[in-house]
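Welcome, and take a moment to look over the model before reading on. The report below walks through it one region at a time.

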Amino acid sequence: YNNSDQKVSLAQFPFPYQPYNIQEEFMQALYSALDQGKVGIFESPTGTGKSLSLICGALSWLTDYEEKKRQEAAALLQEGETTLSTPAAQSSITGSSAEPDWITDFVQKKAERDLVSKLKDELKRKKREERLEMIRNNVQLKYALKRKSCEEDEAFKLLQLSKEEKVEAQGDQEDEELIVAEYESDDEAKSKTEDDEDDDLVEEHVTKIYYCSRTHSQLAQFVHEVQKSPFSKDISLVTLGSRQNLCINEEVRRLGSIQRINDRCLEMQKNKHGEKKQHHDEGVKRKRGPAKSVCPYNKASALHQMRDEVLGTVHDIEQLLKLGKETHSCPYYASRLAVPPAQLVVLPYQMVLHEATRKAAGVQLKGQVVIIDEAHNLSDTLSCIHSHKIESQLTQYADRYNRLKAKNLMYIKQILFVIEGLVRALGGECFLLNDYCQSTTQTGTEMLTINNFLFKAQIDNINLFKVLQRYFEKSMVSRKVIPSAGQQGSAESEKVLSASPMMQVEGFFMALTNSNTDGRVVVHRQGTLSESSVKFLLLNPAVHFAQVLKECRAVIIAGGTMQPVSDFKQELLFSAGVGEERITEFSCGHVIPPGNILPLVLCSGPSGQELDFTFQNRDSPRMMDETGRILSNVCNVVPGGVVCFFPSYEYSRRIISHWEASGALARLANKKKIFQEPKKANQVEQVLSEFTRCIQRCAQDGGGLTGALLFSVVGGKMSEGINFSDELGRCVVMVGMPYPNIKSPELQEKMSYLDRHLPHSQGRSPGQALIENLCMKAVNQSIGRAIRHRGDYSSIVLCDRRYSRPATLSKLPTWIKDRTSTHTTFGPAFGALRKVRNKSYYVQYVHSKHCIMTNT
């Protein structure tokens with residue numbers, strides 16, 4: 001819908017193929033939300049083409065919006081030019097006015113200034129479009145001379161049309177100079193004073209869409225969808241990433257950790273500007289010593305070329321790296337230079353959700369659109385981004401920065417005094433300014449308000465805002481590269497880098513500037529300082545999300561499942577000051593036929609044992625044996641892959657050990673080869689590959705094994721972001737309900753905070769609702785691993801009588817909830833599984849025929 005409440009024609013949504021009805025509805029709702037400046041919550045299950053719907057709906061709106069602005073600007077300019085250039089109109093304005101002449105002159109000048117400003121904006125837009133067209137047509141651009149636009153000339157001509165006198169007073173001349181002078185921001189002025197070559201890099205921010213997701217692989221997948229869309233040839237897209245992802249300097253890349261890479265890169269930029277200053281300072285004699293290295297990929301002309309090529313063609317991160325090597329230009333800095341003129345910016349969560357990171361990346365949200373995809377854990381993501389932990393290194397921080405105190409005495413003493421306070425809060429004695437520190441002997445965990453922590457650390461008299469401003473921002477000591485002990489002053493110290501030790505302290509200090517009610521400080525003592533830690537815990541993520549919601553024209557929060565939406569709105573939107581009238585919701589079903597999914601709630605097992613996996617009952621041998629019998633029956637009738645999720649790693653270890661001892665595991669292995677989720681993240685790909693190959697071999701050989709069984713953990717490495725499509729996930733079994741550890745001090749504090757600040761609903765406290773919502777969000781993510789496209793099919797077995805409760809069922813995704821059946825006994829449920837097994841061969845046959853006939 002547009003502002004006139006007219007329904008948008010479906011012809012306005014170019015699509016690479018005939019869209020599903022739900023995709024058309026999705027794009028209609030998205031267009032309406034963007035046009036009306038809403039905060040939209042969009043739920044579309046995986047496999048329904050959510051990414052393409054987001055792309056085509058959002059870019060259709062952006063195209064229409066830009067065209068509307070062009071038409072308005074052209075009409076206004078034409079009308080204004082006619083008005084100012086017509087003598088009759090001018091005399092009419094002045095003659096009919098009863099105001100004094102100076103007021104009339106002021107109004108006339110104001111009209112002229114406004115008109116000139118609009119003219120300049122229009123000229124800039126035209127020039128930008130022409131430049132992009134030249135790039136896309138592979139026209140060679142010239143960079144030898146400074147780009148001088150004709151805006152001033154055009155503006156002067158327009159002004160002359162409205163002038164009747166050839167000579168004006170000095171004050172009018174000054175006004176005229178102000179009118180045509182180019183606006184120069186602080187950042188631009190800084191850039192020009194540091195490096196004159198960077199003049200050409202300054203660009204104005206156009207109306208754009210920021211698309212952010214959780215992982216780089218998800219971002220790459222989105223970019224590939226853009227490349228397949230009808231907008232791929234016309235859209236200016238840039239992908240942002242960290243130096244670790246985008247650096248092509250092998251000397252820097254081999255440092256490994258992101259912090260070491262950042263430190264080295266920043267040091268090279270410092271060296272670059274230092275050398276330029278030396279060259280410009282005539283008569284200054286160069287100091288002796290080894291030359292400081294600068295990055296060969298950070299040259300202005302090369303950055304120009306790469307920036308324009310990035311804007312001219314859609315690239316993912318891998319293609320950016322390849323382009324950077326071809327043009328001998330840094331993808332990290334070139335991509336940031338492309339942000340202002342880009343129409344679509346693809347970037348990770350933290351670059352949008354964290355204010356300091358936004359500024360560093362050049363992201364400006366004022367009047368722009370933000371789409372947050374995979375947003376089911378948005379609240380947790382915000383809390384994690386703004387929570388900071390310091391552990392094991394307090395004395396190391398002090399020791400390293402004590403070396404710099406001769407050069408930065410005032411700043412260093414302030415920092416060391418605060419670090420002494422942190423050590424005192426951990427129970428230790430520390431006199432770092434006198435090189436003395438004693439370990440703590442206390443143990444335990446303490447939860448403190450920010451103010452109480454500052455009092456306990458005896459640093460309540462320190463203005464942390466000034467420390468952050470003076471020390472971290474101005475002196476930039478936190479970014480310095482510090483040689484390790486024994487290498488001070490050596491020529492090799494340039495090459496030996498250590499992670500910036502104060503970055504964690506800087507983040508922690510920043511966290512302590514939050515409101516006293518919005519966070520807590522967790523002091524964890526473990527007997528010695530090296531084992532102890534102090535952590536800031538953000539309790540109110542809405543306080544930081546409010547900045548995004550306030551600045552943006554529209555914010556779209558999208559995911560495969562956003563349930564439960566009511567609590568999501570309460571915690572993140574209402575608490576951030578968003579009114580109900582600005583919120584719009586959209587939820588659609590799945591594109592699969594109803595018979596392609598069978599969700600079952602099991603209240604009891606094959607022997608009649610009630611399934612109650614509460615903490616008190618789940619460790620009983622009877623419960624574990626019954627679970628083994630359920631899995632054995634499932635593996636007997638379900639072909640291909642079966643994925644079984646346990647509520648925790650500890651319970652997974654216990655129940656599998658019990659099955660090994662009882663022989664149940666061996667019986668399961670007679671039907672399906674058994675795999676377990678690996679402990680290390682870098683082993684996940686290998687396990688998945690072996691799991692896949694096993695299922696494929698079983699399907700071909702037709703031997704004794706019918707497939708494979710994978711044991712996984714809710715919230716683990718395979719419960720999110722992994723696809724068990726087709727034969728890899730013909731059945732997902734959920735053992736118990738994965739409630740979080742309610743004894744966690746951090747979770748208890750969060751519950752207490754919600755109970756104090758949010759309203760009760762339906763007889764439940766907000767803290768209780770949080771526990772249930774965390775559990776069901778995790779369940780929804782896990783069971784959503786199976787159905788991944790229109791022709792896919794699977795069964796879902798929820799093993800716990802508590803799933804049958806109406807309040808719990810209501811938190812399942814609608815497309816699953818509406819097809820869920822509850823079984824108090826095992827027999828009918830098993831019969832339903834057998835029917836699906838027999839039907840699955842027919843479904844698989846029909847689907848394969850459809851794929852062959854339609855070539856999809």
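What covers the buried residues of α29? The cover includes β9 (443-449), β10 (519-526), α24 (565-573) and α30 (766-783). Here helices (H or I, at least four residues) and strands (E, at least two) are DSSP runs, numbered from the N terminus. A residue is called buried under 20% relative accessible area, exposed over 50%, and partly exposed in between, with a 1.4 Å probe and protein chains only. The buried residues of α29 are Leu747, Glu749, Lys750, Met751, Tyr753 and Leu754. Helix α29 itself (residues 745-757) has 13 residues and reaches 18 Å from its first C-alpha to its last, close to the 18 Å expected at 1.5 Å a residue. That expected span is 1.5 Å times one less than the number of residues in the helix.

**How to read the model**

This is a predicted model, in which local features need pLDDT of at least 70, side-chain atom pairs count only at pLDDT 80 or more, and totals for chains, interfaces and linings use all residues. Residues are numbered from 1 along each chain as its sequence is written, and side-chain values use heavy atoms, with hydrogens and water left out.

The pLDDT is the predictor's confidence in each residue, from 0 to 100. Its mean for the protein is 77, and 72% of the residues reach 70 or more. Over residues 1-11 the pLDDT is below 50, and this stretch has 20 contacts in the model beyond near neighbours in sequence. A contact means heavy atoms within 4.5 Å. Residues 840-856 also stay under 50 in pLDDT, and the model has 11 contacts for them beyond four places in sequence. Where pLDDT is low, the predicted coordinates should not be read in detail. Among the elements of the protein, helix α6 (residues 170-180) has the lowest mean pLDDT, 35, while strand β5 (residues 369-372) has the highest, 96.

**The protein as a whole**

The protein holds 33 helices and 20 strands. Of its 856 residues, 50% count as buried. Among contacts between residues at least 6 apart in sequence, 78% join residues at least 24 apart. The protein exposes about 41,000 Å², and carbon and sulfur atoms supply 50% of that area; accessible areas come from the Shrake-Rupley method with a 1.4 Å probe, and for residues only the protein chains shown count as cover.

**Aromatic rings**

A pair of aromatic rings is described by the distance of the centres and the angle of the planes. Rings of Phe, Tyr and Trp (its six-membered ring) pair if their centres lie within 6.5 Å; planes under 30 degrees apart count as stacked, over 60 as edge-to-face and the rest as tilted. By this rule the count comes to 16 aromatic pairs. Two of them are set out here.

| Pair | Kind | Centre to centre | Between the planes |
|---|---|---|---|
| Tyr211 and Phe222 | stacked | 3.5 Å | 5 degrees |
| Phe691 and Phe724 | edge-to-face | 6.2 Å | 85 degrees |

Tyr211 sits in strand β2 (residues 209-213) and Phe222 in helix α8 (residues 216-228), 11 residues apart. Both Tyr211 and Phe222 are buried. Phe691 belongs to helix α28 (residues 684-701), whereas Phe724 lies in the loop between β17 (707-713) and β18 (731-735), 33 residues apart. Phe691 counts as buried because its relative accessibility is 1%, and Phe724 is buried with a relative accessible area of 1%.

Phe646, Tyr651, Trp659 and Phe711 form one aromatic cluster. Elsewhere, Arg730 lies over the face of Tyr793, at 3.7 Å from the ring centre. A charge sits over a ring if NZ of Lys or CZ of Arg is within 6 Å of the ring centre and within 35 degrees of the ring normal.

**Some single residues**

Is Leu812 buried or exposed? Leu812 counts as buried because its relative accessibility is 2%. Its place is in the loop between α31 (806-809) and α32 (814-817). Not counting residues up to four places away in sequence, Leu812 touches Gln563, Met776, Asn780, Ile783, Leu798, Lys817 and Thr820. The C-alpha atoms of Leu812 and Gln563 are separated by 7.0 Å, though the two are 249 residues apart along the chain.

His328, in the loop between α13 (317-327) and α14 (331-337), has a phi near 55 degrees, a positive value in a residue other than glycine. His328 is partly exposed, with a relative accessible area of 43%.
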